[in-house]
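Please consult the sequence and structure shown below.

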Protein chains: 2
Amino acid sequence: MKKIKLRIPATVANLVCGFDILGMAVHEPYDEMEFRLSDSPEIIIKHEDHFGLPEEPSQNVAGIVLLKIREHFKLSHGFEVIIRKHIKPGSGLGSSAASAAGAAFGANALLGNILSKNEMIHFAMFGEELASGVRHADNIAPCIYGGITLVKSPNPIDIIPLNTPDLYVTAVHPQVEVKTSDSRQILKKSISLKSAVEQWGNIAGLIAGIQKNDSALIGRSLNDGIIEPVRSILIPKFDEIKMKSIEAGALGGGISGSGPSIFMLAETKETAEKIAELMKSTYRETEIESFVYVSKINPAGIRIVE
Amino acid sequence: MKKIKLRIPATVANLVCGFDILGMAVHEPYDEMEFRLSDSPEIIIKHEDHFGLPEEPSQNVAGIVLLKIREHFKLSHGFEVIIRKHIKPGSGLGSSAASAAGAAFGANALLGNILSKNEMIHFAMFGEELASGVRHADNIAPCIYGGITLVKSPNPIDIIPLNTPDLYVTAVHPQVEVKTSDSRQILKKSISLKSAVEQWGNIAGLIAGIQKNDSALIGRSLNDGIIEPVRSILIPKFDEIKMKSIEAGALGGGISGSGPSIFMLAETKETAEKIAELMKSTYRETEIESFVYVSKINPAGIRIVE
């Protein structure tokens, strides 16, 4: 019985001014998934973690992806999957995307690489749909491609892999609940042309900075006058953490996904760790538990470890 | 008496989805300016063209720039300038920017390169202010830097020079008047978040395409759902010319500046010339006179020719 083990990274979507289009893979946290191709067509999902996620395949983010792949290719095989999830659901760090992308990646590897990256994304999006009701690729794309990806369009799938700048990411996950539906609803339906033009100056600067490996340009492009001022209200201590992080040397940063996690970019490990410390201590003062992760931008995405 | 002769290129601002932030230098049309540094502090402007522009320095786009430079550096010298303008004022091809940028560039060369590029832009913007009431750098920046430039901010001046893709530009200037003030006023003050997100997906794709030299990505990013649908109403035959150009192989294109000129990008000279032909014949049918220009993207900008 063929077997494979994957490490699937967390991802940061909605990169500041890149709302709904830019995502980035990191190294920490990550999920682990073990896949076995079985001779019976059954799909078995087992969670070895404590998040209480449903294991019934049609109700499981990884399961639904495998069901769709089995259906599409009329497979006589099935899959046995063990998931050890470390990316907490609802963290804003791409937890559902990790399960969905991991399922598509694992199935593809066991079936002899029959899928292109964009086909993996196509199937993985069924998992995002189950998790959030939206077939989006903001987290799945960087998970599958690695590095930083531009989702130019989810349908038809048009993903532009960008350069991977040599930067550190510090992410903090405060243990508060922000529902994706709330953080969607709070957004204004219309914005001023003036603020939109500022935003596309920033997104243009950010893409140029990423492609030129120009940290200073990345830093001065990490501004979001549209989404962040609204969504950050839902995240305790957001402004304080951002201000302190930039004082400590962060290039910039913002909300990860739709929150509540916050991420910051830095040029050195030392700065990234200083930011991690101040994030922890800021939440400690308010008695909010938090988890902090420091890693480089992950250029490879999902990795086969066994 | 020191003397210098410049060739100053036309520029295409508001590159489709790059409204207010992206501009591009071309080779054709271009203005010519001759500069002499004189011992008396007088500034003399002479137009050897037929556009009837004022020659009084404080009322002349080049003159005001030279006055500002003379004032700033407390120069005892003056300048004699002969301008042979071929970029028609009001064409949307950066006519005022050519005079303004040419003046700053010429003065700088005669004074022994005392200005940085951004300082030249600083002074040239006084010319744009005189011409249109707005201190913008959308056309001046590509004139001075060459190639394609991102104006991340005009104040403080933050210009990001981008890669120069190996593409041809066809521009048509139909002889109709579109006032910049009209084409500003016609714009909506607010837009939907949905259309803004589409626009920043396109601008992100366009910047990535330019930096990666990926013509196909440039082509599928040249979409503007916000400005073009409104402004193109003022330009006769816009939709027909765009449709026919794309059928003929154009990667895409749109309004140059605030019009009435239209530009298209193409991968080969053959395609660019085919587009030039269809532009001319389309306007010929409606008895609108038009001028058509074919050249590559101009990587150098202003050039000293003598």
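What percentage of the 306 residues of chain A count as buried? The share is 54%, where a residue is buried if 20 or more other C-beta atoms, placed from the backbone, lie within 10 Å of its own, exposed if 12 or fewer do, and partly exposed in between. This is a predicted model, in which local features need pLDDT of at least 70 and side-chain atom pairs count only at pLDDT 80 or more, while totals for chains, interfaces and linings use all residues. Residues are numbered from 1 along each chain as its sequence is written, and chains are lettered from A and ligands numbered from 1 in the order in which they are written.

**Overall fold of chain A**

- Chain A comprises 10 helices and 12 strands, which are DSSP runs (helices H or I, at least four residues; strands E, at least two) numbered from the N terminus.
- The radius of gyration of chain A is 19 Å, close to the 19 Å of the globule rule for 306 residues, so chain A is as compact as a globular protein of that length; the radius is taken over C-alpha atoms, and the rule is 2.2 Å times the number of residues to the power 0.38.
- The C-alpha trace of chain A spans about 55 × 40 × 35 Å along its principal axes.

**A sheet of chain A**

- Four strands form an open sheet in the order β9-β10-β7-β11 (chain A), with antiparallel pairing; strands pair if DSSP finds at least two bridges between them.
- Its edge strands, β9 (252-255) and β11 (290-296) of chain A, each pair on one side only.
- Strands β7 (residues 168-174) and β10 (residues 262-266) of chain A are joined by 5 bridges, and Y168(A) has A266(A) as its bridge partner in β10(A).

**Contact between chains A and B**

- On chain A, 26 residues are in contact with 26 residues of chain B, a contact being two C-beta atoms, placed from the backbone, within 7 Å.
- The largest share of the side of chain A that touches chain B comes from α6(A), with 12 residues.
- That side has 16 nonpolar, 6 polar and 4 charged residues; Ala, Val, Leu, Ile, Met, Phe, Trp, Tyr, Cys and Pro count as nonpolar, Asp, Glu, Lys and Arg as charged, and the others, Gly among them, as polar.
- Strand β8(A) runs antiparallel to β8 (residues 190-192) of chain B, with 3 bridges joining them, and S192(A) stands opposite S190(B).
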